[in-house]
Amino acid sequence: MSTDHAHAHQLDNPDKSGPPPKIDVVATVAGAPPAPEGAEAMTILVTLPPNSPGAPPHRHSGPAYGYVVKGAINFELEGDPVRVVRAGEAFWEPGGDVIHYQDGNHLSDEESVFVVTMFCAPGQPMLIPVSPEELEARRDRRAPQS
């Protein structure tokens with residue numbers, strides 16, 4: 001995910017009664033995977049209490065794009081090390097076969113909040129838990145834990 005601001009925009013205010021809107025590009029994803037055919041776009045707001053581990057390991061049927069509104073989350077996708085995504089930063093995942101291992105609260109003393117838009121395949125749940133057997137079978141695909 002890039003924070004390239006080459007896409008920055010400045011709009012003229014059509015009614016001139018106040019200042020024009022300011023638009024900041026938070027992040028872009030070059031070569032992002034397409035949404036599944038006939039996808040349903042779903043935006044959710046997730047509030048994680050202090051120390052919440054978040055959702056169990058899972059996958060999504062299509063790509064997901066998120067933004068941390070408050071606090072900080074631990075974010076881990078299959079093959080990538082855990083990273084901390086803080087308020088004001090964005091994240092994304094390709095969906096499909098990639099396992100999303102972590103999206104828990106990084107903070108022990110306050111809640112963290114993120115918003116995520118997912119492009120779900122028709123008839124599929126937004127989150128598909130991964131079985132312990134599959135986690136074990138794919139253990140070699142997970143980045144080493146520090």
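**Group meeting: core, rings and charges in a predicted model**

Let me begin with the largest nonpolar core, which is made up of twelve residues in all, namely L48, A64, V68, I73, F75, L77, V85, F91, F114, V116, M118 and C120. By a nonpolar core I mean a set of buried Ala, Val, Leu, Ile, Met, Phe, Trp, Tyr and Cys residues joined through side-chain atoms within 4.5 Å, where buried stands for under 20% relative accessible area, exposed for over 50%, and partly exposed for what lies in between, with a 1.4 Å probe and protein chains only. Two or more residues of this core come from each of β5, β6 (72–77) and β10, and β10 gives the most, with four residues. As general background, nonpolar side chains tend to be buried together in soluble globular proteins.

Residues are numbered from 1 along each chain as its sequence is written, and side-chain values use heavy atoms, with hydrogens and water left out.

Now the overall layout. The protein has one helix and eleven strands, and from the N terminus on the order is β-β-β-β-β-β-β-β-β-β-β-α; helices (H or I, at least four residues) and strands (E, at least two) are DSSP runs, numbered from the N terminus. Of the 146 residues, 32% count as buried. The exposed surface comes to about 8600 Å², of which carbon and sulfur atoms supply 55%, with areas taken from the Shrake-Rupley method with a 1.4 Å probe and, for residues, only the protein chains shown counting as cover. If we take the contacts (heavy atoms within 4.5 Å) with a separation of 6 or more, residues 24 or more positions apart account for 75% of them.

Leaving aside neighbours within four places in sequence, V46 is in contact with S112, V113 and F114, and the C-alpha atoms of V46 and S112, 66 residues apart along the chain, are separated by 8.3 Å.

S112 is also among the residues touched by N105, along with L48, P49 and others, not counting residues up to four places away in sequence. N105 has its place in the loop between β9 (100–102) and β10 (112–120), and N105 is buried, with a relative accessible area of 6%. Which backbone atoms lie 3.1 Å from a polar atom of the side chain of N105? They are the backbone oxygen of L48 and the backbone oxygen of P49.

Let me turn to the rings. The count comes to four aromatic pairs, where rings of Phe, Tyr and Trp (its six-membered ring) pair if their centres lie within 6.5 Å, and planes under 30 degrees apart count as stacked, over 60 as edge-to-face and the rest as tilted. Y65 and F119 form an edge-to-face pair, at 6.1 Å centre to centre and 75 degrees between the planes. Y65 lies in strand β5 (residues 64–70) and F119 in strand β10, so this pair ties together parts that are 54 residues apart in sequence. Y65 counts as partly exposed at 25% relative accessibility, and F119 is partly exposed as well, with a relative accessible area of 26%. The rings of F91 and F114 have their centres 5.6 Å apart and their planes at 80 degrees, so that pair is edge-to-face too. It links F91 in strand β8 (residues 90–93) with F114 in strand β10, 23 residues apart, and both F91 and F114 are buried. Y65, W92 and F119 form one aromatic cluster.

Finally, the charges. The structure holds ten salt bridges, each being a side-chain nitrogen of Lys or Arg within 4 Å of a carboxyl oxygen of Asp or Glu. In one of them, the side chains of E134 and R59 meet at 2.9 Å, N to O, linking E134 in helix α1 (residues 132–137) with R59 in strand β4 (residues 58–59), 75 residues apart. Is E134 buried or partly exposed? At 24% relative accessibility, E134 counts as partly exposed, whereas R59, at 12%, counts as buried. R138 forms a salt bridge with E78, the closest N and O atoms being 2.6 Å apart, and both R138 and E78 are buried. R138 also forms a salt bridge with E134, at 3.3 Å between the closest N and O atoms. Through shared partners, salt bridges join R59, E78, D97, E134, R138 and R141 into one network.

How values were computed. Predicted model: local features only at pLDDT ≥ 70, side-chain atom pairs only at ≥ 80, totals over all residues. Polar contact = N/O pair within 3.5 Å; in protein donor to acceptor, adjacent residues only side chain to side chain.
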